[in-house]
Amino acid sequence: MRVEIARLSDEGAVFEGFEPKKVLLEAEDAHLRVCSDIFYRFSAQIVSGELLVRGEISVDVEIECSRCASFFSTTIADSSFLRAYELSGDTEHVDVTDDIREGILLSIPRFVLCSDQCQGLCPHCGINRNKETCDCRPSRFDDPWQALDGIELKE
Ligand SMILES: [Zn+2]
Ligand SMILES: [Zn+2]
């Protein structure tokens, strides 16, 4: 996404549109799939020789739950995108694409849950406890309080 400096009035301008999803190719891995183009809505204004671009960016993804390892749909967004670009006399345009990509990459959470109630995987048989139940019983090692039963207190 480019801002043409010569066409910018003193009041600035609002830009809204989409960057193609291929911009985010490097973000895709075994845990993340990009599902939409990247939406942006910016206001751009020249202030004291700098171009200020602020607004929001967002993209729809499928991401792997950190607890149960199933994929779910969500939106990654940066609603307080803000960048400043130094302008020299002959700057014709400013390309914001790299910063849009970076803004999304920085907004990808390290730990995500498909829901606050996600039950995760059974540590014994590995089934997804959100979808199935199993007969595994928690062993004494799963229960920190039971482990205390084995401790003899000395007087
Ligand atoms: Zn989950
Ligand atoms: Zn189990």
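**Helix 1, inward side.** I began with helix 1, residues 97-107, and found Ile100, Gly103 and Ile104 buried there. Looking down the axis of helix 1, I saw its buried residues fall within an arc of 95°, so they line one face of the helix.

**A reminder to myself.** I am working with a predicted model.

**What the helix packs against.** Next I asked which strands the buried residues of helix 1 pack against. I noted strand 2 (13-19) and strand 4 (38-47), along with strand 5 (50-64) and strand 6 (71-86).

**Strands 5 and 6.** I followed two of those partners further. Strand 5 and strand 6 run antiparallel, and I found 14 bridges joining them. For Leu51, I looked up the bridge partner in strand 6, and it is Tyr85. The hairpin of these strands has 6 residues between them, and there I noted Ala69 with a positive phi near 65°.

**The whole chain.** Stepping back, I listed 2 helices and 7 strands. Along the sequence, I read the pattern as β-β-β-β-β-β-β-α-α. The chain has 155 residues, of which 14% count as buried. Last, I checked the contacts with a separation of 6 or more: 57% of them are between residues 24 or more positions apart.

Technical notes:
Residues numbered from 1 in each chain as written. Chains lettered and ligands numbered in written order. Predicted model: local features only at pLDDT ≥ 70, side-chain atom pairs only at ≥ 80, totals over all residues. Helix = DSSP H or I, 4+ residues; strand = E, 2+ residues; numbered from the N terminus. Buried ≥ 20, exposed ≤ 12 C-beta atoms within 10 Å, placed from the backbone. Contact = placed C-beta atoms within 7 Å. Arc of directions from axis to C-beta. Pairing = 2+ DSSP bridges.
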